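Here is a short report for a reader meeting this structure for the first time. Keep the model open while you read.

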Amino acid sequence: MPGLADPLTFKGLTLKNRIVMPPMANDFSGPDGEVNDRHLEHYRARAEAEVGLMIVEHSYVNPNGKMTVKQLGIHEDGLVPGLTRLADTIREAGAASTIQLTHAGANTTSEACGGQPLGPSDVAMPGRKEAPRPLTEEELAGLVEDYRQAARRAKEAGFDSIEIHGAHGFLLSEFVSPFSNRRDDEYGGSGENRLRFPLEVIAAVREAVGPDFPLLYRFGASDFLEDGLSLEEARQIAPLLVAGGIDLLDVSGGLCGSRPEQLAGIKGYFVPMAASIRSVVNVPVIGVGGITDPAFADGFIREEKVDLVAVGRALLKNPGWAREALAELAG
Ligand SMILES: Cc1cc2nc3c(=O)[nH]c(=O)nc-3n(C[C@H](O)[C@H](O)[C@H](O)COP(=O)(O)O)c2cc1C
């Protein structure tokens with residue numbers, strides 16, 4: 001069985017090992033969302049130290065989907081030169097690159113997104129004070145176009161792949177969740193309807209980048225809420241994401257966020273959920289959550305629970321984590 005140090009190829013993209021740096025927002029940009037030297041240094045340090053796949057932090061496709069004022073943007077052509085420098089830096093440092101495209105939906109503040117936050121319905125996200133304004137069907141069509149243009153920019157900038165953010169209570173996961181989506185049009189109600197907008201986004205992104213470009217989806221596979229998305233329903237949805245054009249699933253939480261309190265302290269806290277999703281799809285799956293120990297990470301792959309392991313906060317703390325982990329496993 002392969003382990004953490006072994007390469008993996010998906011959709012024609014070869015990763016030199018199975019260590020992933022998951023997207024982690026830095027808030028290094030100015031209010032216009034541009035790349036600067038701090039981004040280059042941050043990603044270079046970790047890519048040079050043997051991360052296999054570097055997923056660049058969430059970047060907004062439209063300013064009305066910003067989560068924070070200093071978030072990275074990908075909403076304008078003028079940002080492409082900076083994004084190109086970032087993709088070049090990661091490649092030259094030896095890692096494969098992905099950039100995460102996002103719209104925060106209701107998971108923001110009016111201060112950050114410049115007006116009342118937008119969402120599927122007027123339901124405030126857990127932990128947020130402001131209820132969103134429901135998006136019209138016309139606005140949804142506009143947002144699909146925003147994702148398409150953002151995907152084109154990511155490819156033009158030279159990223160090796162793209163990740164669509166469908167987790168953590170951001171817009172796409174708000175549509176999928178029965179807790180936040182109370183619509184009675186064709187975008188709400190049945191599971192098929194709640195998945196319609198994410199599938200439209202995936203189709204537009206796929207059109208923008210062509211049939212051979214690797215597409216990842218960060219899938220919030222449970223909300224951990226009584227009226228929210230359950231893992232059981234997520235297992236039905238996952239194959240539909242793949243059928244819609246996704247080549248790799250990066251499994252995380254839904255409306256519960258990326259670091260639910262009730263799972264704190266468990267090593268690999270989303271790995272069981274990722275393994276469950278993996279058993280119903282035929283694409284590679286990333287597992288994440290509280291992983292700091294190389295032997296654990298290696299074991300999750302050898303036991304075929306997941307195909308890749310993402311290590312977030314441990315890589316923030318120690319840019320050399322991947323190199324040290326490989327050395328430790330090589331013994
Ligand atoms: C500072 C910080 C920023 C994050 N930003 C993002 C993000 O932009 N997109 C995303 O999908 N997840 C984000 N996450 C979640 C991480 O990708 C990851 O799933 C989470 O930290 C759990 O992994 P870990 O326990 O190895 O840190 C962020 C996490 C942290 C700590």
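## The model

This is a predicted model. Local features are reported where pLDDT is at least 70.

Start with strand 4, residues 53-60. This strand is mostly covered: eight of its eight residues are buried.

Strand 4 pairs with strand 6 (residues 96-102) in the parallel sense, over seven bridges. There, Val56 faces Ile99 of strand 6. Strand 3 (residues 19-21) also runs parallel to strand 4, joined by two bridges. In that pairing, Val20 stands opposite Leu53 of strand 4. Strand 5 (residues 72-73) is another parallel partner of strand 4, again with two bridges. Here Ser59 has Leu72 of strand 5 as its bridge partner.

## The shell around the ligand

Which residues come nearest to the ligand? They are Pro22, His58, Ser258, Gly312 and Arg313, out of 22 residues around the ligand.

Strand 4 supplies at least two residues of this shell, and so does helix 11 (313-317). Sorted by class, the shell holds nine nonpolar, nine polar and four charged residues.

## Helix 1

Helix 1 takes in residues 37-48, 12 residues in total. From first C-alpha to last, helix 1 reaches 16 Å, close to the 16 Å expected at 1.5 Å a residue.

Which residues of helix 1 are buried? His39, Tyr43, Arg46 and Ala47 are. Seen down the axis of helix 1, these buried residues fall within an arc of 100°, so they line one face of the helix. An α-helix has 3.6 residues a turn, so residues three or four places apart point the same way. The face turned away from the buried side of helix 1 carries the exposed residues Asp37, Arg38 and Glu41. On the buried side, the packing partners are strand 3, strand 4, helix 2 (80-92) and helix 11. After helix 1 comes Glu50, with a positive phi near 80°.

## Helix 7

The buried residues of helix 7 are Phe197, Pro198, Val201, Ile202, Ala204, Val205, Ala208 and Val209. Viewed down the axis of helix 7, they fall within an arc of 165°, so they line one face of the helix. Gly210 follows helix 7, and its phi is positive, near 90°.

## A loop residue

Past helix 7, look for Asp212. This residue is found in the loop between helix 7 and strand 10. Is Asp212 buried or exposed? Asp212 is exposed, because 9 other C-beta atoms lie within 10 Å, and a residue with 12 or fewer counts as exposed.

Asp212 and His103 are 109 residues apart along the chain. Their C-alpha atoms are separated by 25 Å.

Conventions:
Residues numbered from 1 in each chain as written. Predicted model: local features only at pLDDT ≥ 70, side-chain atom pairs only at ≥ 80, totals over all residues. Buried ≥ 20, exposed ≤ 12 C-beta atoms within 10 Å, placed from the backbone. Helix = DSSP H or I, 4+ residues; strand = E, 2+ residues; numbered from the N terminus. Arc of directions from axis to C-beta. Pairing = 2+ DSSP bridges. Near = placed C-beta within 6 Å. Nonpolar A, V, L, I, M, F, W, Y, C, P; charged D, E, K, R; others polar. Expected span 1.5 Å × (residues − 1). Contact = placed C-beta atoms within 7 Å.
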